[in-house]
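Biologist: I have the model open and would like to go through it with you, a bit at a time. Could you keep the answers plain, and let me jump between topics?

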Amino acid sequence: MTDQNKPFYITTPIFYPNGNLHIGNVYTPSVCDILARMARMVGRPTYFLTGADENTLKVNQVAKAEGKEVMQYLDEQAVNFGNLFERLYVSNDQYIRTTDREVHHPGVIEMWNRLAASGDIYESEYEGFYCAACEGFKTERDLIEGACSTHGTTAEFIKEKNYYFKLSKYTEPIKKLIQSGEFVITPEARKNEVLAHLEEGLTDTSFSRPYKGQPNAILVPGDESQNIYVWGDALTNYISALGFGTPEDDNFKKFWPATVQVMGKDIVRFHAEIWPAMLLSAGLPLPKELLVHGLLLSGGRKMGKTTGNTIDPLEMMDIVGAEGLRFFFAHDVSLTEDGEVSKDLFISSYNAHLANGIGNLCNRLLKMMISYDVQFDPEAMKDTNLWKNLTDVVSGSLEKLDLNGYSAHIWEIFAELDRKIQETEPFKLFKVDPESAKQIVKELMEKFYIAVNFAEPILPYSVPKIIKHIQDREMPKDPLFSKINI
Ligand code: MSP
């Protein structure tokens with residue numbers, strides 16, 4: 001199979017629906033969407049998954065506070081998230097919900113049965129601290145004067161029966177797979193952090209908790225007094241969505257192992273340790289690569305609900321549009337490092353590269369093409385060297401997951417065209433030597449038309465519009481990407 005035909009399966013983590021999504025959260029699906037569109041552009045059979053992590057206690061608490069039934073609250077949030085993603089032009093093939101008994105639960109049960117069949121599930125008594133807000137067990141080291149270091153609330157001391165997963169058994173196999181490059185973690189810095197943590201040795205982890213009638217719980221097969229706990233449920237979404245554990249598993253056969261699973265560095269350990277251990281125990285292949293992005297910071301601190309420094313993506317889109325966000329993420333945030341975001345940064349990037357960049361360039365070239373009656377054949381562009389070269393750039397950038405390099409490459413072409421207009425001044429030349437001016441505009445327009453086609457993964461709404469304006473030789477009624485005055 002050539003690279004071009006290789007299936008491309010990309011996933012985001014599933015989002016907690018216990019509040020609204022902030023700009024930091026929508027970064028992951030935006031990055032994935034651009035990569036998925038690049039894969040489709042080069043003709044790879046592509047599957048893009050996102051969804052919601054609905055089986056959490058926090059959701060029950062929020063629903064109760066709002067006076068709603070849990071499922072009513074979750075259904076509303078699924079609509080809200082769906083609308084937000086749609087507005088961002090996120091082209092996911094599926095939105096998985098972990099409360100979905102038909103799609104998700106069979107995969108979780110199958111996973112549990114496989115772990116149990118491998119002898120990796122055992123019963124034990126847990127004795128220690130538990131933070132209800134984190135929904136996690138805590139060691140003394142995680143607490144400050146008995147309170148959770150993240151939430152500041154007192155952790156309860158609990159003693160209960162749990163089923164444990166033999167995570168410790170997989171320390172060495174995972175280490176070897178990472179070191180051999182079979183299981184890739186990008187970037188190198190995150191890979192080294194994971195390896196350093198594996199060096200300490202993994203400890204077995206609790207995979208179930210006593211069932212107390214929580215809505216939507218997935219009960220442990222063969223022991224209905226326990227329900228499957230957080231990661232055993234949530235991580236399995238990446239394969240349950242493909243039909244794993246059901247007779248309709250064609251997508252699983254076609255798309256697993258994932259080409260790339262994307263997440264922020266705050267949740268890399270679960271994906272680089274628990275998830276591969278589960279897959280190894282279940283006799284399934286590991287994803288080929290984890291792409292771990294940095295965190296968006298606001299005022300120098302991680303943007304997050306608990307910090308209270310969030311920017312609302314809906315408000316920001318009202319100003320710079322969905323494409324202003326997408327462009328900023330692709331071009332102005334380093335994919336693998338933390339990056340500061342603010343309203344001003346979004347607006348200045350929009351003005352510099354969308355309003356003054358592609359938008360202004362498009363208006364000027366279209367106007368000259370139409371008024372000087374410059375002829376060019378859009379259909380013939382696919383046979384040009386530049387088109388072929390940019391197709392290779394898409395494939396190469398996709399292989400390296402180099403979103404920043406890709407957007408820089410395309411926008412550098414726009415900048416170069418801008419410079420050429422300044423240098424050659426075809427609008428002045430036309431008055432004295434119309435044929436030469438027309439030739440210059442033709443060449444500039446050809447290059448612009450080609451480069452614009454390749455900007456589609458980043459600007460999926462405007463690119464088809466621009467292409468149509470050029471093909472129809474028609475000026476847009478409203479200026480493209482009008483400038484924002486701060
Ligand atoms: N539900 C878990 C994931 C389970 S996956 C089996 C979860 N959800 S989350 O809603 O809290 O986070 C979803 C994504 O948002 C993660 O990729 C996380 O890294 C990302 N981000 C949350 N805050 C972020 C920033 N400030 N910046 C960039 N991404 C951030 O974790």
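Biologist: How many aromatic pairs does a search of the whole structure find?

Modeller: Bear in mind that this is a predicted model. The search of the whole structure gives 26 aromatic pairs. One of them is formed by Tyr47 and Phe255, with 5.4 Å from centre to centre and 45° between the planes, and this pair is tilted.

Biologist: Which parts of the chain does that pair link?

Modeller: Distant ones: Tyr47 belongs to strand E2 (residues 46-52) and Phe255 to helix H9 (residues 250-255), and the two are 208 residues apart. Both Tyr47 and Phe255 are buried.

Biologist: And the rings of Tyr372 and Phe430, why is that pair stacked?

Modeller: Planes under 30 degrees apart count as stacked, and here the planes of Tyr372 and Phe430 are at 5° with the ring centres 3.9 Å apart, so the pair falls in that class.

Biologist: Is Tyr372 buried or exposed?

Modeller: Tyr372 counts as buried, at 11% relative accessibility, while Phe430 is partly exposed, with a relative accessible area of 26%.

Biologist: Back to Tyr47, which residues are in a cluster with it through ring pairs?

Modeller: Ring pairs link Tyr47 with Tyr9, Tyr238, Phe255, Trp256 and Trp275 into a cluster.

Biologist: What about charges, where does the charged end of Lys58 sit?

Modeller: The charged end of Lys58 sits over the ring of Tyr16, at 4.8 Å from its centre, and the charged end of Arg209 sits over the ring of Tyr130, at 4.0 Å from its centre.

Biologist: Let me change topic to the ligand. Which residues come nearest to it?

Modeller: There are 25 residues around the ligand, and those that come nearest are Ile14, Asp53, Asp266, Leu296 and Met303. For Met303, a backbone N or O atom lies 2.8 Å from a nitrogen atom of the ligand.

Biologist: And which atoms lie by an oxygen of the ligand?

Modeller: A polar backbone atom of Tyr16 is 3.1 Å from an oxygen atom of the ligand, and a polar side-chain atom of Asn25 is 3.2 Å from an oxygen atom of the ligand.

Biologist: Ile14 came up there. What stands opposite Ile14 in E2?

Modeller: Gly51 in E2 stands opposite Ile14. Strand E1 (residues 8-15) and E2 run parallel and are joined by six bridges.

Biologist: Why is E2 described as largely enclosed?

Modeller: Because seven of the seven residues of E2 are buried, the strand is largely enclosed by the rest of the structure. From E2, Thr46, Phe48, Thr50 and Ala52 point one way and Tyr47, Leu49 and Gly51 the other way, and all of these are buried.

Biologist: What is the order of strands in the open sheet of four?

Modeller: The order is E5-E4-E8-E10, with antiparallel pairing. Strand E5 (136-138) and strand E10 (205-206) are the edge strands, and each pairs on one side only. Strand E8 (residues 156-165) pairs with E10 over two bridges in the antiparallel sense, and Phe165 stands opposite Thr205 in E10.

Biologist: Last one, helix H1: how far apart are its end C-alpha atoms?

Modeller: The end C-alpha atoms of helix H1 (residues 23-41) are 26 Å apart, which agrees with the 27 Å that its 19 residues should span at 1.5 Å a residue. In H1, 17 of the 19 residues are buried, so the helix is largely enclosed by the rest of the structure. H1 is followed by Gly43, which has a positive phi, near 85°.

Technical notes
Residues numbered from 1 in each chain as written. Predicted model: local features only at pLDDT ≥ 70, side-chain atom pairs only at ≥ 80, totals over all residues. Heavy atoms only, no water. Expected span 1.5 Å × (residues − 1). Buried < 20%, exposed > 50% of the residue type's maximum accessible area, 1.4 Å probe, protein only. Pairing = 2+ DSSP bridges. Phe/Tyr/Trp six-rings, centres within 6.5 Å; stacked < 30°, edge-to-face > 60°. Lys NZ or Arg CZ within 6 Å of the ring centre and 35° of its normal. Near = heavy atom within 4 Å. Polar contact = N/O pair within 3.5 Å; in protein donor to acceptor, adjacent residues only side chain to side chain.
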